[in-house]
Amino acid sequence: RHLGGRTTIGETLRDVFIQNRVLRAVSLRANKLGDSDVTELANGLCENFSLHVLDLSYNELGPRAGESVGMMLSTNGDLRELNLEWNQLRNDGTMKVLDGLKGNNTLKRISLAWNGLSDKGGIAVGEVLQTNTSLEEVDVSHNRISVAGAKRIAEGIAENAAIRRLVLAHNPLADEGCTAILQAIGTNQSLVFVDLMSAESGHNAATEIVETYEKRQGKVEIHIPRSMFVSKKPG
């Protein structure tokens, strides 16, 4: 898309980020930005040392945009918050974003909600959580992460001393996945909020949450699915 003449929206944003040293927060929410726009924008952010908050939610970003964002994150040392929710990154694009975080020690909050992630994406999230030392808040709600992804995320948070808020609501984690997450919360000392709402679970998770609260001495808030304490009717 062009802004008159031959300049595209992406090129304009790139130039703004390269030249501007005043902006601290920018919202580009719901602007129909696509992969090419974000590729240019990311190039500009590679040379920007002032922006702390960027909202790219509710756009049309696909896997190629994820690769550009990941490249930017691997070089940008100033961004603190990144909102990518409600896009079309899928597993491949998300994995590229997360690859960029492996060498990033400044980003504190990221949302990847509503991006069509499955267990493959969930496993990548877990791998990053196992090594990243700066992320404090991760939102991967409203995806399709199930047991395998939940178990890998659990392994990641069990070894992470920075994460404070984890949102996994509206994923089909099942009883086994919820139990794994709850066990990890019991050993993690930094988490203060975990959202597992609408993640179908059962008896094992219900038992585990009691033990988790005892281990953490009530110092963590956990939002749990109603199904955790509702017995299923036979037949």
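Predicted model: local features only at pLDDT ≥ 70, side-chain atom pairs only at ≥ 80, totals over all residues.
Local features need pLDDT of at least 70 and side-chain atom pairs count only at pLDDT 80 or more, whereas totals for chains, interfaces and linings use all residues. Residues are numbered from 1 along each chain as its sequence is written, and side-chain values use heavy atoms, with hydrogens and water left out.

View 1. Helices are DSSP runs of H or I with at least four residues, and strands are runs of E with at least two, numbered from the N terminus. Buried residues (under 20% relative accessible area, 1.4 Å probe, protein chains only) of helix 6 include Arg 152, Ile 153 and Ile 157. Their cover includes helix 5 (119-131), strand 6 (165-167) and helix 7 (174-187).

**View 2. Surroundings of Leu 54.** Not counting residues up to four places away in sequence, Leu 54 touches (heavy atoms within 4.5 Å) Val 26, Leu 28, Leu 41, Leu 45, Leu 79, Glu 81, Leu 82 and Asn 83.

**View 3. Packing of helix 7 and helix 8.** The two helices pack at an angle of about 10°, with axes 9 Å apart; axes are lines fitted to C-alpha atoms over the stretch in contact, and angles run from 0 to 180 degrees between N-to-C directions. Helix 7 is therefore roughly parallel to helix 8 (angles under 35 degrees). Contacting residues include Leu 182 of helix 7 and Ile 209 of helix 8.

Technical notes. Buried < 20%, exposed > 50% of the residue type's maximum accessible area, 1.4 Å probe, protein only. Parallel < 35°, antiparallel > 145°, perpendicular 65-115°, else oblique.
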